[in-house]
Amino acid sequence: MFSPNFGTWVLMFLLVSSTFVHSSMSEIDAKKRYMREKVRKMFYHAYDNYMAHAFPHDELKPLSKTFTDSLSELGNLNLEHLSEHYNGSALTLIESLSSLVILGNNTEFERAVRWLSENLSFDVDVRTNLFECNIRVLGGLVSAHILATDSRKRLVQGTYRNELLILAEDLGRRFLPAFDTPTGLPYAWINLKYGVMENETTETSTSGSGSLILEMGALTRLTGDPRYESAALRALRKLWSMRSSLNLLGTTLDVSTGEWIEYSSGIGAGVDSFYEYLIKAHILFGKEELWRMFQSAYLAVQKYFRHGPWYHEADMRTGKATYWQLTSLQAFWPGVQVLIGDIAAANSSHREFVYVWEKFGVLPERYLLDHQMLHPTEKYYPLRPELAESTFYLYQATKDPWYIEVGKSMVDSLNLYAKVEGGFASIKDVTTMQLEDHQHSFFLAETCKYLYLLFDDSFLVDRNYVFTTEGHPLPVISAWHDRLPENYIPTNWTSIKSEKQAARRSSAMSMQVCPATTLNTGRSSQQVESACHIPDARSDHRCLTEDECGVDATTCRRRSCSMAGYCGLWLFI
Ligand code: DMJ
């Protein structure tokens, strides 16, 4: 009879456990493949219905199978007269370009590029929102131009003659009059044909005036015309100079006086992409100045807005809490935290958003934290992408299969509540799941894209991208970096060395400094020194190489240099 000895037991254990690990990995892979196809179908259901019922207008109304020209507020002209001539800007098509590439549909990408090249014109008497037009149209065109001309040869050779870039430059030029203000802060609204209109409002938002740098900076790098980047940068610098002594900004301001109108702010509506663009523009263009701004701004956010895993609003002058509300737009924040390596903080706040998603089935626009109830009028969910976006970033950073489950639950909810015959409809009220006749273009540019990338990141292999706030990818290339040594550019932030590493990470950014340094700063503080502690080479904890980072005093683990150039217990990327 066979009686196993100790060695055989060990061997059998190893075999069984490795079979278990492999089968669970392959189960995850199978689930990802299945989910990827589900998301692909969602995208095409939205896209095909847009093309059938709304194109070339801006967006689809999926219940009535009609269209809306949402990007434009039709100037001061007679609407009836205009509707005969104005057919929209094919916004949803422009927004779908990079998603088509990520889905691997080069044929449809080429068809769309050709149509836009031949038909799109910005010489229209249309008053449009500068920020929205920048992130959706300029960002969509610039990103698609780069994808059309990179080494992957997605288009039939010789057929593309930079038409998207020519269109982008034409649009960028039409933006410039908006920046002609005493402060350099741009007007929120611009008429594409005639520039800033008479008696135009001088009120704008922090994100509206301070987050134009990715798209306009990219346009400058592509065309060599410095005006776009310098206009956006000047506005951003002006805005930063208006911060309070606490390093906080307000939500709305006057572009002619440079004075704040709304002093209360948070990380949601009206401010969100300002923070996002500081760090992303630093990654894309390598500007130290932007890193310094981001670092101060980030620490102020964590200090004054954060309460446990939640983020409330506060008065920029005093730091006192104003509104205790969770908003759907805030859900992008964990994604930004992943970019700087603050994985633990990202994970804990992401879990709260997931909790609210699960409570209602989708994420309501505004949830009153102090009363644990929905905002009485903002109960809608327009199929926003922010939670999918953060889920994608967190999965990339940790490879924790839990995030795949979160993505699956989002896909299931979208199909259950929002899918209709004519596309995907917004949800008007999350308590009744009553629908609204609108399929926003960001559903194709972002929601479907981030969900797809969560399940299939092959687009990201071998290349680093920064995603704009509208989800349009811009490649991180050394040629665009102002002055950055080779080893400062991340090699592939989408992969990690081992799954174990990810689970153990904590952040130096939230602790701000190496813990032992904190203990030793106060005159009366007890001198506690850990035996293993090796301080970082520089007192500001910045680094260019691993060698400049020391050993963490409390964990005795070696600190490493993050892709943003900061020593910490980072996810090793
Ligand atoms: C999108 O247009 C962008 O993500 C923007 O930054 C915020 N609003 C929508 C999506 O919610």
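Glu276 is buried, with a relative accessible area of 2%. Here buried means under 20% relative accessible area, exposed means over 50%, and partly exposed lies in between (1.4 Å probe, protein chains only). Lys280 also counts as buried, at 2% relative accessibility. The model is predicted, so local features need pLDDT of at least 70, side-chain atom pairs count only at pLDDT 80 or more, and totals for chains, interfaces and linings use all residues. Residues are numbered from 1 along each chain as its sequence is written, and side-chain values use heavy atoms, with hydrogens and water left out.

Glu276 and Lys280 form a salt bridge, their closest N and O atoms being 2.8 Å apart. A salt bridge is a side-chain nitrogen of Lys or Arg within 4 Å of a carboxyl oxygen of Asp or Glu. Side chains of opposite charge can pair when their charged atoms come close. Both Glu276 and Lys280 lie in helix 10 (residues 272-285). They are four residues apart, about one turn of the helix. Helices (H or I, at least four residues) and strands (E, at least two) are DSSP runs, numbered from the N terminus. An α-helix has 3.6 residues a turn, so residues three or four places apart point the same way.

The count of salt bridges comes to 29. Another of them joins the side chains of Glu37 and Arg40, at 3.0 Å from N to O. Glu37 and Arg40 both lie in helix 1 (residues 6-53), three residues apart. That spacing is about one turn of the helix. Glu37 is partly exposed, with a relative accessible area of 29%. Arg40 is partly exposed too, at 22%. A network of salt bridges links Arg36, Glu37, Arg40 and Asp456.

A further salt bridge is formed by the side chains of Arg542 and Glu288, at 3.1 Å from N to O. Arg542 lies in the loop between helix 19 (515-519) and strand 22 (560-561), and Glu288 lies in helix 11 (residues 288-304), so the pair ties together parts that are 254 residues apart in sequence. Arg542 is buried, with a relative accessible area of 8%. Glu288 counts as partly exposed, at 21% relative accessibility.

Three of them form an open sheet in the order 3-4-5, with antiparallel pairing. Two strands pair if DSSP finds at least two bridges between them. Strand 3 (72-73) and strand 5 (189-191) are the edge strands, and each pairs on one side only. Strand 3 pairs with strand 4 (residues 127-129) in the antiparallel sense over two bridges. Ser72 stands opposite Thr128 in strand 4. Helix 5 (residues 130-149) packs on this sheet and touches strand 4 and strand 5. Contact means heavy atoms within 4.5 Å. The direction of helix 5 makes about 75° with that of strand 4. Axes are lines fitted to C-alpha atoms, for helices over the stretch in contact, and angles run from 0 to 180 degrees between N-to-C directions.

Another open sheet of three strands has the order 13-14-15, with antiparallel pairing. Its edge strands are strand 13 (325-327) and strand 15 (373-374), each pairing on one side only. Strand 13 and strand 14 (residues 366-368) pair in the antiparallel sense over three bridges. Leu326 stands opposite Tyr367 in strand 14. Helix 13 (residues 343-360) packs on the sheet and touches strand 13, strand 14 and strand 15. The direction of helix 13 makes about 80° with that of strand 13.

A hairpin is formed by strand 18 and strand 19, with four residues between them. Met433 in the turn has a positive phi of about 60°. Strand 18 (residues 426-429) and strand 19 (residues 434-436) pair in the antiparallel sense over three bridges. Ile427 has Leu435 in strand 19 as its bridge partner.

Helix 14 (residues 386-398) has 13 residues. From its first C-alpha to its last, helix 14 reaches 18 Å, close to the 18 Å expected at 1.5 Å a residue. The expected span is 1.5 Å times one less than the number of residues.

Ser207 lies in helix 7 (residues 206-210). Ser207 counts as buried, at 5% relative accessibility. Not counting residues up to four places away in sequence, Ser207 touches Phe131, Gly270, Val271, Asp272, Ser273 and Phe274.
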